[in-house]
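Hi everyone, thanks for coming. I'd like to walk you through one structure today, so please have the viewer open and follow along.

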Amino acid sequence: MLRTGKFKLVRPSRLCGTGVLVLAGSSGAMDTERAELLAAHGALAMSMRWFGGQDQPATPSNVPLESFVEALDDLSADTDRLAIVGSSFGAEAALSVASRHTAVNAVVALSPSAYVWPGPDGVVGMTSHWTWQGAQLDFVPLDGTWVAAEDPPAFRGLYQQSLISDPEAAIAALIPVQDFAGDLVLVAGEDDQVWPAADWSQLIARRRREANLATVVVTHSDAGHRIVLPGERPVSRGQAMARGGTPEADASLGASAWPHIVQALALDVVG
């Protein structure tokens with residue numbers, strides 16, 4: 001049973017048959033606007049606060065993937081098809097869940113990661129973003145020697161340097177995307193300054209091709225980390241950091257991706 005304050009369920013006027021769990025990035029906040037957009041096109045859309053709420057981890061650290069599975073189970077009661085739409089850390093969660101939970105039919109990953117990363121922990125410094133069946137997922141430790149060259153910082157270099165610093169951890173932390181047989185749409189800006197999402201999207205697609213699985217990859221050379229779908233407003237909240245892109249390019253990327261999202265989620269194009 002869903003608990004008040006952690007979930008916002010948006011019901012469409014006409015259900016297309018798809019239930020969509022919507023996951024925001026590092027804020028962990030409920031992405032209600034995106035849920036409303038998807039509901040306007042027929043999805044039963046649920047936005048979820050995935051950390052920082054009552055009985056939840058205070059930071060994006062050791063978050064049980066089962067919490068997302070429970071939300072999907074609730075959606076399944078009224079839908080025929082289950083999907084996850086996640087952005088940034090939320091895309092990392094979406095891919096991690098879909099690779100383990102066979103009930104997921106489709107994933108739309110915006111500015112995704114191919115790897116599991118750590119979150120801050122007040123006791124040990126860094127722990128995995130996610131757990132599954134009580135165990136931490138392998139993650140790539142962040143390189144503590146990295147220093148930002150810009151203000152506000154562009155963290156892209158941190159993630160790239162961390163992969164080079166610990167290649168064995170990087171291999172272990174690869175999300176097993178080859179285990180997800182459903183529809184996958186990856187959307188990434190090549191000017192993303194938070195992390196190299198476009199490069200990672202190509203890596204994900206290549207690994208899935210090796211498993212004979214199709215993947216849609218949509219990129220834009222001038223877009224950044226915050227992708228804007230048709231009907232959405234640009235987001236301005238969050239930590240001060242360089243995210244790359246321009247409002248025009250971010251919206252252009254979202255517009256290019258939208259037909260693929262509609263198809264993957266079996267949305268009603270009329271709304």
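**The sheet and what packs on it**

Let's start with the sheet: seven strands form an open sheet in the order 1-3-2-5-6-11-12, and the pairing is mixed. At the edges sit strand 1, residues 7-10, and strand 12, residues 216-220, each of which pairs on one side only. On average, neighbouring strands of this sheet are turned by 15° against each other, with direction ignored. Before I go further, please keep in mind that this is a predicted model.

Now let's step through part of that order. Strand 5, residues 81-87, pairs with strand 6, residues 106-110, in the parallel sense, over five bridges. If you want a residue pair to click on, take Gly86, whose bridge partner in strand 6 is Ala109.

Moving along, strand 6 is also parallel to strand 11, and five bridges join that pair. Here the example is Val108, with Val185 as its bridge partner in strand 11. Strand 11 then pairs with strand 12, again parallel and over five bridges. For this pair, look at Gly189, which has His220 as its bridge partner in strand 12.

How many of the residues of strand 11 are buried? Six of its seven, so to speak a mostly covered strand.

What packs on this sheet? Helix 1, residues 32-39, does, and it touches strand 1, strand 2 (18-23), strand 3 (44-48), strand 5 and strand 6. The direction of helix 1 makes about 175° with that of strand 3. The buried residues of this helix are Arg34, Ala35, Leu37, Leu38 and Ala39. Their cover includes strand 1, strand 2, strand 3, strand 5 and strand 6, and helix 7 contributes as well.

Helix 7 itself spans residues 247-265 and lies across strand 2, strand 5, strand 6, strand 11 (183-189) and strand 12. Against strand 12, helix 7 runs at about 170°.

**The largest pocket**

Next, the empty space. Rolling a probe the size of a water molecule over the atoms shows where such space is left. In this model, the largest pocket holds about 960 Å³. There are 38 residues lining the largest pocket, and the closest to its centre are Gly25, Ser26, Ser27, Ser88 and Arg243.

Let me go back to strand 5 for a moment, where you will find Ser87. Is Ser87 buried or exposed? Its relative accessible area is 17%, and the cut-off for buried is under 20%, so Ser87 counts as buried. Leaving aside neighbours within four places in sequence, Ser87 is in contact with Leu23, Ala24, Gly25, Arg34 and Leu110. Two of these names have come up already: Gly25 is among the residues closest to the centre of the largest pocket, and Arg34 is one of the buried residues of helix 1.

Now compare Thr59, in the loop between strand 3 and strand 4 (63-64). Thr59 counts as partly exposed, because its relative accessibility is 27%. Not counting residues up to four places away in sequence, Thr59 touches Phe51 and Pro120.

**Backbone details**

I'll finish with some backbone geometry. Where does the cis peptide bond fall? The bond from Asp151 to Pro152 is cis, with omega near 5°. You'll find Pro152 in the loop between strand 10 (135-136) and helix 4.

There are also positive phi values in residues other than glycine. Asp55 has phi near 65° and is found in the loop between strand 3 and strand 4. Asp55 is exposed, with a relative accessible area of 63%. Ala266 has a positive phi of about 55° and belongs to the segment after helix 7. With 37% relative accessibility, Ala266 counts as partly exposed.

That's my tour, so over to you for questions.

How values were computed
Residues are numbered from 1 along each chain as its sequence is written. This is a predicted model: local features need pLDDT of at least 70, side-chain atom pairs count only at pLDDT 80 or more; totals for chains, interfaces and linings use all residues. Side-chain values use heavy atoms; hydrogens and water are left out. Two strands pair if DSSP finds at least two bridges between them. Helices (H or I, at least four residues) and strands (E, at least two) are DSSP runs, numbered from the N terminus. Axes are lines fitted to C-alpha atoms, for helices over the stretch in contact, and angles run from 0 to 180 degrees between N-to-C directions. Contact means heavy atoms within 4.5 Å. On a 1 Å grid over the protein atoms alone, a cavity is a set of points where a 1.4 Å probe fits but cannot get out, and a pocket is an open set with protein on both sides within 12 Å along at least five of seven lines; lining residues have an atom within 4 Å of a point. Grid points are joined across faces, edges and corners, and a volume is the space filled by probe spheres set on the points. Buried means under 20% relative accessible area, exposed over 50%, partly exposed in between (1.4 Å probe, protein chains only).
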